[in-house]
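Please find below my notes on the structure, arranged as numbered points.

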Amino acid sequence: YFNNHHHIQTLCNTGNVEEAAQELHSSLHASYEPSIYTCNLVLGALSKQKRYQSALSLYQAISHAGITPDHITLNTVVNCHCQMGDMSFAMKVFDEMTAHNYSPSNATFAALVKGFCRTGKLAECIEFFSKFLKENYSVDVTTYNVMMDGMCKMGNLKEAMGLFELMAKNECFADVCSYNILIRGFCKQGMLNKALQLFHELEEKGLGCDVVTYSTVMDGFVKENRPHDAVRFFYEGLHKGFRPNVVVYNVLVNGLCKIGESSQALEVLDEMYEQGCGPNVVTFNTIIDCLCKEGKMREAMDVFDKMKEVAIPSAVTYSTLMDGFCKDGNVDEAIRLFHQMPDDELVPDVVCYGIVIDGLCKQGCMNDAIHFLLLMLKRKISPDSIVYSALINGYCKQGKLQEARNLMQEMREKGLRPD
RNA sequence: CCGAUUCCUUACCGGG
């Protein structure tokens, strides 16, 4: 008999996580049970693929088979709960960990901090993190980064900067990632000057700016309606020996599109190939959106056809085109694309439905719009407030106020608040 | 016997 650890490891490393999980599962009840290392390996692989529910089910099976989890297993479980936003479950596991003398590590705290932030629980997050700070001398740079990123994403730049100073005081040295997080935070608040100040500090420290730094700053410029500065920043970087990746190019393309230079954007496409940095689906989506917004539906469809040679269209690709056609007054074509999505093995998401519904509403075809609403409900896709707004708008324009009111009521029942 | 496995962080595109 041989240990199947290496076989399962190979399966995981080659992306056959499903198969690995199955093999582990069947070996749980074999005469030689797998080691916790093997279990952790598969749980980690599922978690990396964001298949948190599967990981948790597998964990259930593992404990049921009587295999004792270690601190890594439990960290993974905590992380799965956090990623799914189930903070009460996550805390329950955390409490059990501490009760059984598994000492939580930076990974545990980082996962929980991220979970608290993602679910908007600012106070809990700060409280939890403070507790960690008091009890632990070695909060590492990653945990600080998670915390700073969470604070930034909740718009609390002051707290984030406080942490940045605190980590220096505690002799935990900020890395590029720390800077990138803060730079993005300031960009999103429209404080580009602060962002650029940090960028220069990063350069002076010799930590080295990376592709994330560049794409972040450039995107900051684009979002602040300063696409020219984004383009300039890009070329200055090239001059300093910076080597862009596909995301940086994507931001550049987006910037060029925003200044109405779709032809230049298409030139960048060629440059990307020359640099051995081929475009991806986002690149094409960006260009298609640009063409659509310029009303060039014909060209947009050409790009759509050509992109298929090198990339797989996504739901975003379709929604972009569908919106373009709707705005162009051609809802039929949008609906045709909607029905074409399954050919690319895509399932229309809430945005796709929203676009078609809005298009139909704007044409006054309320019955057809309702048909799509029912279709999405049948397919278990929950309409969001944008879908409802489109419908309510449509009814209001027709003077059908009662129908509009009914929809508002339906919204509230679903816990969506009208804005 | 040893080793083996592991867990946490940052950037780009679509709708009212």
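Contact here means heavy atoms within 4.5 Å, and helices (H or I, at least four residues) are DSSP runs numbered from the N terminus. This is a predicted model, in which local features need pLDDT of at least 70 and side-chain atom pairs count only at pLDDT 80 or more, while totals for chains, interfaces and linings use all residues. Residues are numbered from 1 along each chain as its sequence is written, chains are lettered from A and ligands numbered from 1 in the order in which they are written, and side-chain values use heavy atoms, with hydrogens and water left out.

1. In the contact between helix 23 and helix 24, Ser385, Tyr388, Leu391, Ile392, Tyr395 and Cys396 of helix 23 meet Leu401, Glu403, Ala404, Leu407, Met408, Glu410 and Met411 of helix 24. By class, this contact has ten nonpolar residues, one polar and two charged (Ala, Val, Leu, Ile, Met, Phe, Trp, Tyr, Cys and Pro count as nonpolar, Asp, Glu, Lys and Arg as charged, and the others, Gly among them, as polar).

2. As for geometry, helix 23 (residues 385–397) and helix 24 (residues 401–413) pack at an angle of about 165°, with their axes 8 Å apart; the axes are lines fitted to C-alpha atoms, for helices over the stretch in contact, and angles run from 0 to 180 degrees between N-to-C directions. The two helices are therefore roughly antiparallel to each other, a label given to angles over 145 degrees.

3. Met411, which lies in helix 24, is buried, with a relative accessible area of 1% (buried means under 20%, exposed over 50%, and partly exposed in between, with a 1.4 Å probe and protein chains only). Leaving aside residues up to four places away in sequence, Met411 touches Ser385, Tyr388, Ile392, Leu416, Arg417 and Pro418. Met411 and Pro383 are 28 residues apart in sequence and 9.0 Å apart in space, C-alpha to C-alpha.

4. Glu201 lies in helix 12 (residues 192–205) and counts as partly exposed at 29% relative accessibility. Beyond residues up to four places away in sequence, Glu201 touches Phe164 and Tyr179, and its side chain makes a polar contact with the side chain of Tyr179 (2.7 Å); such a contact is a pair of N or O atoms within 3.5 Å, where within protein one must be able to donate a hydrogen and the other to accept it, and residues adjacent in sequence count only if both atoms are side-chain atoms.

5. His81, in helix 5 (residues 71–83), counts as buried at 12% relative accessibility.

Technical notes:
Parallel < 35°, antiparallel > 145°, perpendicular 65-115°, else oblique.
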